Amino acid sequence: MNTPFVDFRGVWLAYSEELLEKGEFAVEDINLTTRDGEFIAIVGPSGCGKSTFMKLATGLKKPSRGDIVIDGQAVNGPLKIVGMAFQAPTLLPWRTTIDNVLLPLEIVEPFRSQFRDRRKEFAERAKRLLSTVGLEGYENKFPWELSGGMQQRASICRALIHEPKMLLLDEPFGALDAFTREELWNVLRDLWTTQRFNVILVTHDLREAVYLADTVYVMSKRPGRLLARSEIELPRPRDLEITYTEAFTRKVQDLRERIGAIRKS
Amino acid sequence: MKAKTLERAAPMLLLAAILVIWQAICSIFSISEFIFPSPIQIVQALIELFGPIMGHAWRTFWTTMVGFAISIVVGLVFGFIIGSSRMAYSAMYPLMTAFNALPKAAFVPILVVWFGIGIGPAILTAFLISFFPIMVNIATGLATLEPELEDVLRVLGAKRIDVLIKVGLPRSMPYFFASLKVAITLAFVGTTVSEMSASNEGIGYLLISAGSAMKMPLAFAGLLVVAVMAMAMYELFSWIERHTTAWAHRGQAA
């Protein structure tokens, strides 16, 4: 129970050998541990290395120094137990919504080799997942027939279809209008409440971070360091009402001050 | 609705107007058919020599198609190689561009030495002139993958080849079909140019022999036939394009 799910131990990353020699790092000395099933958010000014952090956590980049252990295993390459979604939904325009959601199953083992035989079963699973995010009846529509918010829901479904243990979200709601964004907060909250995967949410929206996460980390501007860790003790299940309470506002303001301090330095 | 019908008929109306003016100029100034034949004289030549013209046209047509088929295969393969590896891209692209800058008609004498007079040079000239746009378009389609999408798939353990097949190739299909439209008309240019100096058959040969015999209406009839063939093929490929990659043209639909 107490073994951490994500464990970053003194992780540094420079993007190339030259930058490493010059001592220019994208992220420096990242230490972070999460419990299994924890929802963490990383906030910071833009260009602070949040996306670099994502690449490290998925195994797409190897750290220049330090170790990363996820789910008890040292990370040495791409991690298949991870699903990812980004600010751009990146759905394939020639595939219908359901075929877009099924794409990971055509690639990741063990589903890949079973895909032909179990296609129907997988399609059912995709349909169920789509209906939990409110996309029932849109399975056979093409991405351009969906609104931005709906595309993003489909993109999250694509990230979850292979039932990953960890979901990585890189500003997933950044391009949406305020109402749609709050709707999707709840979609994500419900998915997480029922499935209890680990989440790393990278965002610059402090309200989003406080509303959704168990723990919020503040990252400094480049080179990125984790400067502060703040546990969000607001009771769950949380509702949008909570964003108007004093406790919530205080938390957001506290984080804002810390980020303000970074930007001035 | 009315405006739409008019828009559709517009090219035909313009063509009719041009023909009428052309005919009028030729008739009013009684221009000799040795200098500039009128549309009626061209049609007369076409009807009179319909059999032989069609024979030459068929020769030009299938020669072009063979050359074009080769350029699709070669264009796809090279485009795939160039688009899928940065190393291949930087190694091959400058050379390919230099090659493309060469006038393809200049190859004809060399090809004649190698393959003799006849279909060999015509097929190869059609190929040489038309594979470049196909190759470039496939390469571009493959090279413009969103990095985020590539990350999503790589995390799942996708190999480079998976990404290319699942995402790269479908993405480059609209570019591919667009390039076919351009390439097919170029292929006709290649065949005709080659036939003009290195063949005893085909529309190119017909043009040269009609010209040297001062049979201008016949020469124009030959041009007309090439134009019709090239346009028909262009329309065919643009129809295929619309029906296979509709997702890329959604803006123009409805």
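**Figure 1. Strands β6(A) and β7(A) run parallel and are joined by five bridges.** This close-up comes from a predicted model. Look for Phe86(A) here: its bridge partner in β7(A) is Asp170(A). Helix α6 of chain A, residues 148–160, packs on the sheet and touches both β6 and β7 of chain A. The direction of that helix makes about 165 degrees with the direction of β6(A).

**Figure 2. Six strands of chain A make an open sheet with mixed pairing.** Reading across, the order is β6-β7-β8-β3-β9-β10. The edges belong to β6, residues 82–86, and to β10 of chain A, each of which pairs on one side only. From one strand to the next, the twist averages 15 degrees.

**Figure 3. Glu171(A) has a positive phi, although it is not a glycine.** The angle is about 45 degrees. You'll find Glu171(A) in the loop that lies between β7 (166–170) and α7 (178–195) of chain A.

**Figure 4. A second open sheet in view has four strands of chain A, in the order β2-β1-β4-β5.** The pairing in this sheet is antiparallel. Strands β2 (27–34) and β5 (73–74) of chain A sit at the edges, and each pairs on one side only. Helix α2 of chain A, residues 50–57, packs on the sheet. That helix touches β1 (6–13), β2 and β4 of chain A, and its direction makes about 120 degrees with that of β1(A).

Figure 5. Ile70(A) stands opposite Gln73(A), which belongs to β5(A). What is the phi of Asp71(A)? The value for Asp71(A) is near 55 degrees, which is positive in a residue other than glycine. As for its surroundings, Asp71(A) counts as partly exposed because it has 17 C-beta neighbours inside 10 Å.

**Figure 6. A cis peptide bond joins Arg236(A) and Pro237(A).** Omega for this bond is about -5 degrees. To get your bearings, Pro237(A) is found in the loop between β10 (226–231) and α9 (246–264) of chain A.

**Figure 7. Helices α3 and α6 of chain B cross at roughly 30 degrees.** Now we move over to chain B. Helix α3(B) takes in residues 50–84, helix α6(B) takes in residues 119–143, and their axes come within 6 Å. The crossing is right-handed. What kinds of residues make up the contact of α3(B) with α6(B)? They divide into 22 nonpolar, eleven polar and no charged.

**Figure 8. Leu19(B) and Met65(B) are 30 Å apart in space, C-alpha to C-alpha.** In sequence, 46 residues separate the two. Leu19(B) has its place in helix α1 of chain B, which spans residues 2–28. With 15 C-beta neighbours inside 10 Å, Leu19(B) is counted as partly exposed.

**Figure 9. Chain B meets chain A through 17 residues of chain B and 21 residues of chain A.** Which helices of chain B each supply at least two residues of the side that touches chain A? They are α7 and α8 (160–198) of chain B. The largest share of that side comes from α7(B), with seven residues. By type, the residues on the chain B side divide into nine nonpolar, one polar and seven charged.

**Figure 10. Confidence in chain B is highest in α3(B) and lowest in α7(B).** The mean pLDDT is 93 in α3(B) and 82 in α7(B), which covers residues 147–155. Over the whole of chain B the mean is 88, and 97% of its residues reach 70 or more. For the model as a whole, ipTM is 0.75 and pTM is 0.77.

Key
Residues numbered from 1 in each chain as written. Chains lettered and ligands numbered in written order. Predicted model: local features only at pLDDT ≥ 70, side-chain atom pairs only at ≥ 80, totals over all residues. Axes fitted to C-alpha atoms, helices over the stretch in contact; angles between N-to-C directions. Left-handed = near helix turned anticlockwise from the far one by under 90°. Nonpolar A, V, L, I, M, F, W, Y, C, P; charged D, E, K, R; others polar. pLDDT = per-residue confidence, 0-100. Pairing = 2+ DSSP bridges. Contact = placed C-beta atoms within 7 Å. Buried ≥ 20, exposed ≤ 12 C-beta atoms within 10 Å, placed from the backbone.
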